[in-house]
Amino acid sequence: MTQFAYHASQEQFAPSELIKHAIHAEQAGFDAVASSDHFHPWSKRQGHSGFTFAWLGAAMQVTSLPYSMVSSPGQRYHPAIVAQAIATLGEMFPGRFDISLGSGEALNENITAEKWPDKQTRNQRLLECAEIIRQLLAGDTVNHRGLVNVEGAKLYTLPQQLPRLFCAAVSKETAKWAASWADGLITVHRPHNELKEVIDAFRNSGGEGKPVHLKVQLSYASTEQEAIDGAYDQWRTNIFQGTVLGDHPSTPLFDAAAEFIKPEDLQRMVRISANPAQHIEWLKEDLSLGFERIVLHNVNRRQEIFIRDFTEKVLPALRSLWTGRLMS
């Protein structure tokens, strides 16, 4: 059965508030929690950027769900430090943590004052980092020279169960490349035919049988206008094409770029509706692609009503579909 995860958006909420949302999500009936990992928010209106690895230790201690995050080793994080963080969380919470590795955004990585590489170089660096992380989690002593350098690194605290290393990919080209090395794939929703192309590229290039996760960006509230207004306030900086999202270097630049965005422009990248039945229909189409987990990110600030209504109205309807298939 597909799992449904609550997305804990570090850019939008203080860490202490996010822990309350994670607890609420578990109590209400979500199956998992996923987290972003930012140094800067996309917009001043979002206003937060807690340190995700620290937050995960606290959140996982007070809940019992599986967790995941998207992280970008190679510039802001040295891969040996990422491996150490993964190993520590894995040792404390066996079998409850997976991580998705991505090539990153300048918004977060430029704080090191290093040159921001092009996408091809970032992918090459990401693959080096993934190989280094795997070696360290296997208990090896690692020496490496390349786009990242490692000397004499060895982890002495190791997890009993190795966390899975997913790749975060938006394009079908990156998904195809990821199939050769990643344990799974996470991508974001888009029109069904485009999403299917990404999933097929992964599965047809060596990813067949590997888990695929989907992040769905939505805006749900009490009324249609609240859902529209909430999405426009919080997420209009996040709907640009991948090159803009990857290469814009600062929060003020994203806010400036979004000055010309209109509320109707969000519809392609954010599912906006106050009707639970509409969200059920959208998610039914997603389920046809065979995701292991669907991460639901309500991009506005109305988290309580989203958690309540989705666990009472949306998720039961989707789970009953699965039960009906098994019985038939």
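Predicted model: local features only at pLDDT ≥ 70, side-chain atom pairs only at ≥ 80, totals over all residues.
User: In β4, what is the bridge partner of Y67?

Analyst: Residues are numbered from 1 along each chain as its sequence is written, and side-chain values use heavy atoms, with hydrogens and water left out. Strands here are DSSP runs of E, at least two residues, and helices are runs of H or I, at least four residues, both numbered from the N terminus. Across from Y67, the bridge partner in β4 is F97.

User: Over how many bridges do β3 and β4 pair, and in which sense?

Analyst: Two strands count as paired if DSSP finds at least two bridges between them. Strand β3 covers residues 67-71, and its pairing with β4 is parallel, over 5 bridges.

User: What is the handedness of the crossover from β3 to β4?

Analyst: From β3 the chain passes through helix α3 (residues 79-92) and on to β4, a β-α-β crossover.

User: In β7, what is the bridge partner of S100?

Analyst: β4 also pairs with strand β7 (residues 165-168), in the parallel sense over 3 bridges. In β7, the partner of S100 is F166.

User: How many of the residues in β4 are buried?

Analyst: Buried means under 20% relative accessible area, exposed over 50%, and partly exposed in between, using a 1.4 Å probe and protein chains only. Both faces of β4 are covered, with F97, I99 and L101 buried on one side and D98 and S100 buried on the other. For strand β4 (residues 97-101), the count is 5 of 5.

User: Which residues are joined with R76 into one salt-bridge network?

Analyst: A salt bridge needs a side-chain nitrogen of Lys or Arg within 4 Å of a carboxyl oxygen of Asp or Glu. R76 meets D37 at 3.9 Å, N to O, and also meets E109 at 3.4 Å, N to O. R76 sits in the loop between β3 and α3 and E109 in helix α4 (residues 106-109), so that pair links parts 33 residues apart in sequence. Shared partners put R76 in one network with D37 and E109.

User: Leaving aside neighbours within four places in sequence, which residues is D255 in contact with?

Analyst: D255 lies in helix α10 (residues 251-257), and at 13% relative accessibility D255 counts as buried. Contact means heavy atoms within 4.5 Å. With those sequence neighbours set aside, the list is W42, S43, K44, R45 and T237.

User: What is the radius of gyration of the protein?

Analyst: The secondary structure comes to 12 helices and 11 strands. The radius is taken over C-alpha atoms, and the globule rule is 2.2 Å times the number of residues to the power 0.38. That rule gives 20 Å for 328 residues, and the protein comes close to it, so it is as compact as a globular protein of that length, with a radius of gyration of 19 Å.

Terms used:
Right-handed = clockwise from strand over helix to strand, strands pointing away.
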